[in-house]
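Here is a short briefing on a pocket, a helix and some charged pairs. Have a look at the structure first, and then we can walk through it together.

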Amino acid sequence: VEKDSKTAKAFEQEIRDKLVTLDYIPMIFVSALTKQRVPKIIELAKKANEERHKRVSTAKLNDVLLPIIAHTPPSSNSDREIRIKYVAQVGQTPPVIAFFVNHPILVMDHYKRFLEKRIREHFGFEGVPLTLVFKAKSKELGITAK
């Protein structure tokens, strides 16, 4: 393949098309021969480490995500309505975001991806896998269950 100014862009797009669910990972092309962009790898690794340790407050998550959820609520294959009550970051390194829902098992994968994209859009977490968990909250017992 003959290399020109668009080769890297085309190659990156081809990789991203094949690895759609890993779109949060930054991509950089380096040269072992000329050492071009090698120092950039260290910068990206440091940034990913910072993102991995990031903590977002419950208030901030709810202020941003609940209006988005209200505007685009989750659909269901059942006759039951899905209501997301609140959101909290329950883990760090790697980040875990919990959604407290009346019917967690009914939340579909496409909606989970939608939520992950909105979280990344507003809070970053670039280069870091995010775990989203959906939990039911038992009002009577005051406990949460998976």
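Lysine 18 is exposed, at a relative accessible area of 63%; here exposed means over 50%, buried means under 20%, and partly exposed is in between (1.4 Å probe, protein chains only). The model is a predicted one: local features need pLDDT of at least 70, side-chain atom pairs count only at pLDDT 80 or more, and totals for chains, interfaces and linings use all residues. Residues are numbered from 1 along each chain as its sequence is written, and side-chain values use heavy atoms, with hydrogens and water left out.

- The side chain of lysine 18 meets that of glutamate 14 in a salt bridge (3.6 Å, N to O), a term for a side-chain nitrogen of Lys or Arg within 4 Å of a carboxyl oxygen of Asp or Glu.
- About one helical turn separates lysine 18 from glutamate 14, because they are four residues apart in helix 1; helices (H or I, at least four residues) and strands (E, at least two) are DSSP runs, numbered from the N terminus.
- Glutamate 14 counts as partly exposed, at 42% relative accessibility.
- Glutamate 12 and arginine 16 also pair up in a salt bridge, at 3.1 Å from N to O.
- Both of these residues lie in helix 1 (residues 7-18), four residues apart, or about one turn of the helix.
- Glutamate 12 is partly exposed at 23% relative accessibility, and arginine 16 is partly exposed at 22%.
- An α-helix has 3.6 residues a turn, so residues three or four places apart point the same way.

**Helix 4 and its buried pair**

- Helix 4 has 15 residues and spans 21 Å from its first C-alpha to its last, close to the expected 21 Å, which is 1.5 Å times one less than the number of residues.
- Buried residues in helix 4 are Tyr111, Phe114, Leu115, Glu116, Arg118, Ile119, Arg120 and Phe123.
- Glutamate 116 forms a salt bridge with arginine 120, with the closest N and O atoms 3.0 Å apart.
- How exposed or buried are these two? Glutamate 116 counts as buried at 18% relative accessibility, and arginine 120 counts as buried at 15%.
- Leaving aside neighbours within four places in sequence, glutamate 116 is in contact (heavy atoms within 4.5 Å) with Tyr24, Leu130 and Leu132.
- Just after helix 4, glycine 124 takes a positive phi of about 85°.

**The second largest pocket**

- The second largest pocket holds about 270 Å³ of space, a volume being the space filled by probe spheres set on grid points that are joined across faces, edges and corners.
- On a 1 Å grid over the protein atoms alone, a pocket is an open set of points where a 1.4 Å probe fits, with protein on both sides within 12 Å along at least five of seven lines; lining residues have an atom within 4 Å of a point.
- The lining is made up of Val20, Thr21, Asp23, Lys112, Arg113, Glu116, Lys117, Arg120, Leu130, Thr131 and Leu132.
- Helix 4 (109-123) and strand 3 (131-138) are the elements that give two or more residues to this lining, and helix 4 gives the most, with five residues.
- By class, the lining has three nonpolar, two polar and six charged residues; Ala, Val, Leu, Ile, Met, Phe, Trp, Tyr, Cys and Pro count as nonpolar, Asp, Glu, Lys and Arg as charged, and the others, Gly among them, as polar.
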